[in-house]
Amino acid sequence: MADRYLSFTATAPGRFLTRRLGLPQPAALRRWSPEHPSLTGSLLHLTAGTSALDLAPVLARTGLPLDDSSDPAAVVLDATGVRDVDGLAEVHAALHPVVRSVAASGRVVVLGSPLDAGAATDDGHHRDHHRAAVQQALEGFVRSLGKEIGRGRTVNLVRLTDASAAESTLRFLLSPRSAYVSGQVIGVGAQGSAGSVDRALPLAGRTALVTGGARGIGEAVAETLARDGAHVVVLDIPQAQADARRVAERLGGTALALDITAADAGERIAAELPDGLDVLIHNAGITRDRRLVNMPAERWSPVLDVNLASVLRTTDALLAKGALRTGGRIVATASIAGLAGNAGQTNYGASKAGIAGLVRALAPRALAEHGVTVNAVAPGFIETKMTAAVPLFIREAGRRMNSLAQGGLPVDVAETTAWLAHPASGAVNGQVVRVCGQSLLGA
Ligand code: NAD
């Protein structure tokens, strides 16, 4: 279902009328295309406090010219050295004069320190609560700026200690690929980078399996991973095989007819891929909405089974079999309905919050024992068949109730997934990244 309001506000009379009425002003977002692979304009590098990061070489490799004279397409503010409220004043002083000049669909990325870093003071007993307070303050700052900045511009916070380990993350956030990711706090560990990676085809020679890949978000994920060079296995239920085969053929991949809730789904995937796989995308998901008072067990169970139990089961089976190769990536699909809650979705919300719990608990162990990262994407309102079926009024509210005042596209979730699946993203682990245009639902 096309977003007619967005088309209308892109016209002169539409803009005039909706401004006069104080209605939302969505900007047409600039997304990645082969013709426009990067932001157009310069990158402004600012610092608040005294930073120990070696950021300049990493920023130089983004391909954006470093320049502080013209209107920047992106601003990176290094606030990792902010330790007290005076340091926060430097955050204000750095961004206050430039925020107006950031180009439409531009990026503001604030860098902070991990909240537990340097937590102990010299006597080793007390947390440095001043530093903790102002580093946490950066979240409120970023989320507030995200809500007011407008014009398709995004604002995100990255917590890091090592600039080179965060290179893939900065490249993603400082590109058109992150068009619908705003108001997020992303933690990046200190693990070194992946060595040399083919920039154009980072997933060349790798195998990626996408559950529910026959349509919607899964189809876009399959397409994007194939664009990045992966051999893609499009898994979907037997009833969706015509679509799964069509997608696989178009991408030079393989279709796999399998209901992911089958008790032996993990074993069947492993048997299908005797050489193992590198990227496992748990995307298949269903809804069976009803308020809890009206929800029989027959509507509860399938949602928990597809969205959560099968993810747990197949992940366990594939890890136990060593089917995920070292350097592997698991990306599961949560939802803002799971993070914020949604009336009529106790089953779905439970299943998707469960994904966040799974990711946070499994991530450190999977990395230590298998060299595999585990993260989740949490889509907000994405324009798919699932959301086209939502009644008009609720659909329109869902579209507008975010900082970018529009729904996201399947490709926005796919690009976020591709960043998490990237060989250079080994330091991104245990994260739940919302792709929601900074939805008003949830934090
Ligand atoms: P969709 O209904 O368009 O596609 C889901 C796909 O999963 C279908 O091809 C379906 O056949 C497949 N599938 C369902 N059950 C399966 C099973 N048991 N085994 C194998 N495949 C199965 O949905 P979508 O909108 O593309 O959503 C994809 C994922 O994103 C889901 O996990 C969904 O919960 C999540 N999500 C979507 C939105 C949104 O706005 N569309 C928002 C938040 C989260």
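## Helix 7 against helix 15

Let's start with helix 7 (residues 216–227) and helix 15 (residues 410–421), which pack at an angle of about 45 degrees with axes 8 Å apart. Helices here are DSSP runs of H or I with at least four residues, strands are runs of E with at least two, and both are numbered from the N terminus. Axes are lines fitted to C-alpha atoms, for helices over the stretch in contact, and angles run from 0 to 180 degrees between N-to-C directions. That angle makes helix 7 oblique to helix 15 (under 35 degrees is roughly parallel, over 145 roughly antiparallel, 65 to 115 roughly perpendicular, and the rest oblique).

On the helix 7 side, the contact (heavy atoms within 4.5 Å) includes Gly 216, Ile 217 and Ala 220, and on the helix 15 side it includes Pro 410, Val 411 and Glu 415. Sorted by class, this contact has 10 nonpolar, 3 polar and 2 charged residues. Ala, Val, Leu, Ile, Met, Phe, Trp, Tyr, Cys and Pro count as nonpolar, Asp, Glu, Lys and Arg as charged, and the others, Gly among them, as polar.

## About the model

This is a predicted model, in which local features need pLDDT of at least 70 and side-chain atom pairs count only at pLDDT 80 or more, while totals for chains, interfaces and linings use all residues. Residues are numbered from 1 along each chain as its sequence is written, and side-chain values use heavy atoms, with hydrogens and water left out.

## Helix 7 against helix 8

Helix 7 also packs with helix 8 (residues 241–251), at about 15 degrees and with axes 10 Å apart. These two helices are therefore roughly parallel to each other, and their crossing is right-handed.

Glu 219, Ala 222, Glu 223 and Ala 226 of helix 7 meet Arg 246, Val 247, Arg 250 and Leu 251 of helix 8. By class, that contact divides into 4 nonpolar, no polar and 4 charged residues.

## Helix 9 against helix 10

Helix 9 (residues 265–272) and helix 10 (residues 297–320) cross at roughly 45 degrees, their axes coming within 8 Å. They are therefore oblique to each other, and helix 9 passes helix 10 in a right-handed crossing. Among the residues in contact are Ala 265 and Ile 269 of helix 9, along with Thr 314 and Leu 318 of helix 10.

## The second largest pocket

The second largest pocket has a volume of about 720 Å³. Its lining numbers 29 residues, with Ser 168, Arg 171, Arg 177, Arg 199 and His 422 nearest the centre. Helix 6 (167–173) and helix 15 are the elements that give two or more residues to this lining, and helix 6 gives the most, with 4. By class, the lining has 13 nonpolar, 8 polar and 8 charged residues.

A pocket is found on a 1 Å grid over the protein atoms alone, as an open set of points where a 1.4 Å probe fits, with protein on both sides within 12 Å along at least five of seven lines; lining residues have an atom within 4 Å of a point. Grid points are joined across faces, edges and corners, and the volume is the space filled by probe spheres set on the points.

## A look at Gly 380

Gly 380 sits in the loop between strand 11 (373–379) and helix 13 (385–388). Setting aside neighbours within four places in sequence, Gly 380 is in contact with Ile 336, Val 435 and Cys 436.

Terms used: A crossing is left-handed if the near helix is turned anticlockwise from the far one by less than a right angle, and right-handed if clockwise.
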